[in-house]
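Reader: I would like to learn how to read the features of a fold, one at a time. Show me the structure first, please.

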Amino acid sequence: MGFAWSNMFVHPDDDPRTEGGFTGERETLIGYLRDQRITLELKCADLDAAQLAARSVEPSNMSLLGLVRHMAGVEQNWFRVHLAGFDVKRHYRTEEDRDLDFNGAVADPEVVTDAFQTWKNEIAFAEDYVDSIEDLGYVGEGDLALREVLVHMIEEYARHNGHADFLRERIDGRIGQ
(Lines give C-alpha, C1' and ligand atoms only; values in the text may rest on other atoms or scores of the structure.)
Protein backbone atom coordinates (compact mmCIF):
# COMPACT_ATOMS: atom_id res chain seq x y z
CA MET A 1 0.00 0.00 0.00
CA GLY A 2 1.41 3.40 -0.99
CA PHE A 3 1.72 6.42 1.27
CA ALA A 4 -1.32 8.71 1.09
CA TRP A 5 -1.35 12.45 1.68
CA SER A 6 -5.02 12.46 2.65
CA ASN A 7 -4.34 12.88 6.36
CA MET A 8 -1.54 15.42 5.92
CA PHE A 9 -2.01 19.18 5.89
CA VAL A 10 -1.08 19.87 2.31
CA HIS A 11 0.23 17.90 -0.62
CA PRO A 12 3.99 18.49 -0.93
CA ASP A 13 3.49 20.29 -4.24
CA ASP A 14 1.22 22.83 -2.50
CA ASP A 15 3.26 23.34 0.67
CA PRO A 16 3.90 27.10 1.16
CA ARG A 17 7.03 26.45 3.20
CA THR A 18 10.51 26.27 1.74
CA GLU A 19 12.77 23.26 1.73
CA GLY A 20 15.76 25.19 3.05
CA GLY A 21 18.34 26.26 0.53
CA PHE A 22 18.83 29.62 2.23
CA THR A 23 21.99 31.63 1.61
CA GLY A 24 23.68 33.38 4.51
CA GLU A 25 22.87 33.70 8.18
CA ARG A 26 20.14 36.35 7.92
CA GLU A 27 18.25 34.59 5.15
CA THR A 28 18.55 31.27 6.99
CA LEU A 29 17.24 32.58 10.31
CA ILE A 30 14.42 34.57 8.75
CA GLY A 31 13.51 31.70 6.41
CA TYR A 32 13.32 29.08 9.12
CA LEU A 33 11.30 31.40 11.39
CA ARG A 34 8.88 32.14 8.53
CA ASP A 35 8.43 28.42 7.89
CA GLN A 36 7.77 27.74 11.58
CA ARG A 37 5.11 30.47 11.64
CA ILE A 38 3.47 28.99 8.55
CA THR A 39 3.54 25.56 10.19
CA LEU A 40 1.49 26.79 13.14
CA GLU A 41 -0.97 28.36 10.74
CA LEU A 42 -1.27 25.08 8.81
CA LYS A 43 -1.94 23.16 12.03
CA CYS A 44 -4.90 25.47 12.70
CA ALA A 45 -6.30 25.53 9.16
CA ASP A 46 -9.90 24.57 8.45
CA LEU A 47 -10.98 24.25 12.09
CA ASP A 48 -13.93 25.95 13.75
CA ALA A 49 -13.83 27.81 17.07
CA ALA A 50 -14.75 24.74 19.12
CA GLN A 51 -12.03 22.64 17.51
CA LEU A 52 -9.42 25.37 17.93
CA ALA A 53 -10.34 25.73 21.61
CA ALA A 54 -10.38 21.97 22.29
CA ARG A 55 -8.03 21.14 25.16
CA SER A 56 -5.45 18.41 24.88
CA VAL A 57 -5.94 16.17 27.93
CA GLU A 58 -6.66 16.89 31.57
CA PRO A 59 -5.24 18.72 33.43
CA SER A 60 -3.62 20.64 30.56
CA ASN A 61 -5.22 23.85 29.34
CA MET A 62 -3.33 23.67 26.03
CA SER A 63 -5.23 24.15 22.77
CA LEU A 64 -4.39 25.26 19.24
CA LEU A 65 -6.14 28.57 19.91
CA GLY A 66 -4.15 28.93 23.12
CA LEU A 67 -0.94 28.33 21.17
CA VAL A 68 -1.82 31.09 18.68
CA ARG A 69 -2.58 33.47 21.56
CA HIS A 70 0.62 32.40 23.33
CA MET A 71 2.73 32.98 20.23
CA ALA A 72 1.18 36.43 19.74
CA GLY A 73 2.44 37.26 23.21
CA VAL A 74 5.85 35.71 22.57
CA GLU A 75 6.25 37.69 19.33
CA GLN A 76 5.21 40.87 21.16
CA ASN A 77 7.54 40.23 24.09
CA TRP A 78 10.69 39.48 22.12
CA PHE A 79 10.41 41.93 19.23
CA ARG A 80 8.28 44.80 20.52
CA VAL A 81 9.40 44.78 24.19
CA HIS A 82 12.89 43.24 24.41
CA LEU A 83 14.32 44.48 21.14
CA ALA A 84 12.39 47.65 20.30
CA GLY A 85 11.96 48.69 23.93
CA PHE A 86 8.26 49.49 23.84
CA ASP A 87 6.36 49.61 27.12
CA VAL A 88 3.10 47.97 26.09
CA LYS A 89 0.30 46.08 27.78
CA ARG A 90 1.03 42.40 27.20
CA HIS A 91 -1.37 40.36 25.10
CA TYR A 92 -3.39 37.72 26.93
CA ARG A 93 -1.66 38.23 30.28
CA THR A 94 -2.74 39.95 33.47
CA GLU A 95 -1.39 40.11 37.01
CA GLU A 96 -4.26 37.86 38.05
CA ASP A 97 -3.81 35.36 35.21
CA ARG A 98 -0.38 35.01 33.65
CA ASP A 99 -1.78 32.07 31.62
CA LEU A 100 -4.69 33.99 30.10
CA ASP A 101 -3.34 33.08 26.65
CA PHE A 102 -4.43 29.48 27.30
CA ASN A 103 -7.11 30.02 29.96
CA GLY A 104 -8.95 32.54 27.79
CA ALA A 105 -8.84 30.45 24.62
CA VAL A 106 -12.54 29.73 24.45
CA ALA A 107 -14.76 28.51 21.61
CA ASP A 108 -15.96 31.94 20.55
CA PRO A 109 -15.50 33.09 16.93
CA GLU A 110 -14.65 36.62 18.14
CA VAL A 111 -11.89 35.24 20.38
CA VAL A 112 -10.55 33.26 17.41
CA THR A 113 -10.61 36.30 15.12
CA ASP A 114 -8.89 38.44 17.74
CA ALA A 115 -6.20 35.83 18.36
CA PHE A 116 -5.28 35.38 14.72
CA GLN A 117 -5.38 39.13 14.02
CA THR A 118 -3.22 39.89 17.05
CA TRP A 119 -0.75 37.16 16.09
CA LYS A 120 -0.56 38.38 12.48
CA ASN A 121 -0.08 41.99 13.65
CA GLU A 122 2.80 40.97 15.90
CA ILE A 123 4.40 38.96 13.10
CA ALA A 124 4.11 41.97 10.77
CA PHE A 125 5.74 44.21 13.38
CA ALA A 126 8.53 41.66 13.93
CA GLU A 127 9.20 41.26 10.21
CA ASP A 128 9.34 45.03 9.67
CA TYR A 129 11.54 45.48 12.71
CA VAL A 130 13.99 42.75 11.68
CA ASP A 131 14.12 44.19 8.15
CA SER A 132 15.09 47.58 9.63
CA ILE A 133 18.12 46.19 11.49
CA GLU A 134 21.18 45.36 9.40
CA ASP A 135 23.39 43.88 12.11
CA LEU A 136 22.25 40.54 13.53
CA GLY A 137 24.48 41.33 16.50
CA TYR A 138 22.31 44.34 17.35
CA VAL A 139 21.23 44.34 20.99
CA GLY A 140 18.01 46.27 21.55
CA GLU A 141 16.59 47.26 24.90
CA GLY A 142 16.99 43.74 26.29
CA ASP A 143 20.20 41.81 26.71
CA LEU A 144 20.04 39.48 23.69
CA ALA A 145 21.29 40.11 20.19
CA LEU A 146 18.81 40.01 17.31
CA ARG A 147 20.31 36.72 16.06
CA GLU A 148 19.74 35.12 19.47
CA VAL A 149 16.13 36.26 19.49
CA LEU A 150 15.61 34.83 15.99
CA VAL A 151 17.12 31.48 17.06
CA HIS A 152 14.99 31.51 20.21
CA MET A 153 11.85 32.19 18.17
CA ILE A 154 12.61 29.29 15.83
CA GLU A 155 13.05 27.05 18.87
CA GLU A 156 9.87 28.37 20.51
CA TYR A 157 7.77 27.74 17.41
CA ALA A 158 9.34 24.32 16.78
CA ARG A 159 8.54 23.19 20.34
CA HIS A 160 4.97 24.44 20.18
CA ASN A 161 4.45 23.08 16.67
CA GLY A 162 5.21 19.68 18.16
CA HIS A 163 2.40 20.30 20.64
CA ALA A 164 0.20 21.44 17.75
CA ASP A 165 0.88 18.15 15.93
CA PHE A 166 -0.63 16.16 18.80
CA LEU A 167 -3.52 18.58 19.30
CA ARG A 168 -4.46 18.47 15.63
CA GLU A 169 -4.16 14.70 15.40
CA ARG A 170 -6.51 14.38 18.38
CA ILE A 171 -9.05 16.69 16.73
CA ASP A 172 -9.31 15.15 13.28
CA GLY A 173 -6.45 12.73 12.69
CA ARG A 174 -4.39 15.05 10.51
CA ILE A 175 -0.70 14.57 11.14
CA GLY A 176 2.83 15.67 10.53
CA GLN A 177 4.57 17.94 8.12
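Reader: Where does P59 lie?

Author: P59 lies in the loop between helix 2 and helix 3. Helices (H or I, at least four residues) and strands (E, at least two) are DSSP runs, numbered from the N terminus. This is a predicted model, where local features need pLDDT of at least 70, side-chain atom pairs count only at pLDDT 80 or more, and totals for chains, interfaces and linings use all residues. Residues are numbered from 1 along each chain as its sequence is written, and side-chain values use heavy atoms, with hydrogens and water left out.

Reader: How many helices and strands does the protein chain have?

Author: The protein chain has 6 helices and 0 strands. From the N terminus on, the order is α-α-α-α-α-α.

Reader: What should I look for in backbone angles?

Author: Most residues other than glycine have a negative phi, and most peptide bonds are trans. Look for departures. The peptide bond from E58 to P59 is cis, with omega near 0°. D46 is not a glycine, yet has a positive phi of about 65°. Y92, also a residue other than glycine, has a positive phi near 55°.

Reader: Is D46 buried or exposed?

Author: The cut-offs come first: buried means under 20% relative accessible area, exposed over 50%, partly exposed in between (1.4 Å probe, protein chains only). D46 has a relative accessible area of 70%, so D46 is exposed. D46 lies in the loop between helix 1 and helix 2. Y92 lies in the loop between helix 3 and helix 4. Y92 has a relative accessible area of 12%, so Y92 is buried. Over the protein chain, buried residues make up 42% of the 177 residues.

Reader: How do I check the length of a helix?

Author: The expected span is 1.5 Å times one less than the number of residues. Helix 3 has 20 residues, so the span should be 28 Å; its end C-alpha atoms are 27 Å apart, which agrees.

Reader: Where does helix 3 bend?

Author: The bend at a residue is the angle between axes fitted to the seven residues ending there and the seven starting there. Helix 3 bends by about 30° at N77. Helix 3 is also mostly covered, with 18 of its 20 residues buried. G85 follows helix 3 and has a positive phi, near 80°.

Reader: Which residues is H82 in contact with, leaving aside neighbours within four places in sequence?

Author: Contact means heavy atoms within 4.5 Å. On that basis H82 is in contact with N77, G140, E141 and G142. H82 is found in helix 3. Its relative accessible area is 27%, so H82 is partly exposed. The C-alpha atoms of H82 and G142 are separated by 4.5 Å, although the two are 60 residues apart along the chain. For the protein chain, take contacts with a separation of 6 or more: residues 24 or more positions apart account for 73% of them.

Reader: Now the core. Which residues touch the most other members of the largest nonpolar core?

Author: A nonpolar core is a set of buried Ala, Val, Leu, Ile, Met, Phe, Trp, Tyr and Cys residues joined through side-chain atoms within 4.5 Å. Here the largest has 42 residues, and L40, F79, W119 and M153 touch the most other members. The elements that give two or more residues to this core are helix 1 (25–44), helix 2 (49–53), helix 3, helix 5 and helix 6 (146–172). Take L40: not counting residues up to four places away in sequence, its partners include L67, V68, M71, W119 and Y157.

Reader: How many aromatic pairs are there?

Author: Rings of Phe, Tyr and Trp (its six-membered ring) pair if their centres lie within 6.5 Å; planes under 30 degrees apart count as stacked, over 60 as edge-to-face and the rest as tilted. By this rule there are 3 aromatic pairs. F86 and F125 form a tilted one, 5.8 Å centre to centre with 55° between the planes. This pair links distant parts of the chain, 39 residues apart: F86 is in the loop between helix 3 (64–83) and helix 4 (100–103), and F125 is in helix 5 (residues 109–132). F86 is partly exposed because its relative accessibility is 39%. F125, at 19%, counts as buried.

Reader: Why is the pair of F125 and Y129 stacked?

Author: Their ring centres are 5.9 Å apart and their planes are at 15°, so the pair is stacked. An α-helix has 3.6 residues a turn, so residues three or four places apart point the same way. F125 and Y129 both lie in helix 5, 4 residues apart, about one turn of the helix. Both are buried. Ring pairs link F86, F125 and Y129 into a cluster.

Reader: What sits over the ring of F125?

Author: A charge sits over a ring if NZ of Lys or CZ of Arg is within 6 Å of the ring centre and within 35 degrees of the ring normal. The charged end of R80 sits over the ring of F125, 4.0 Å from its centre.
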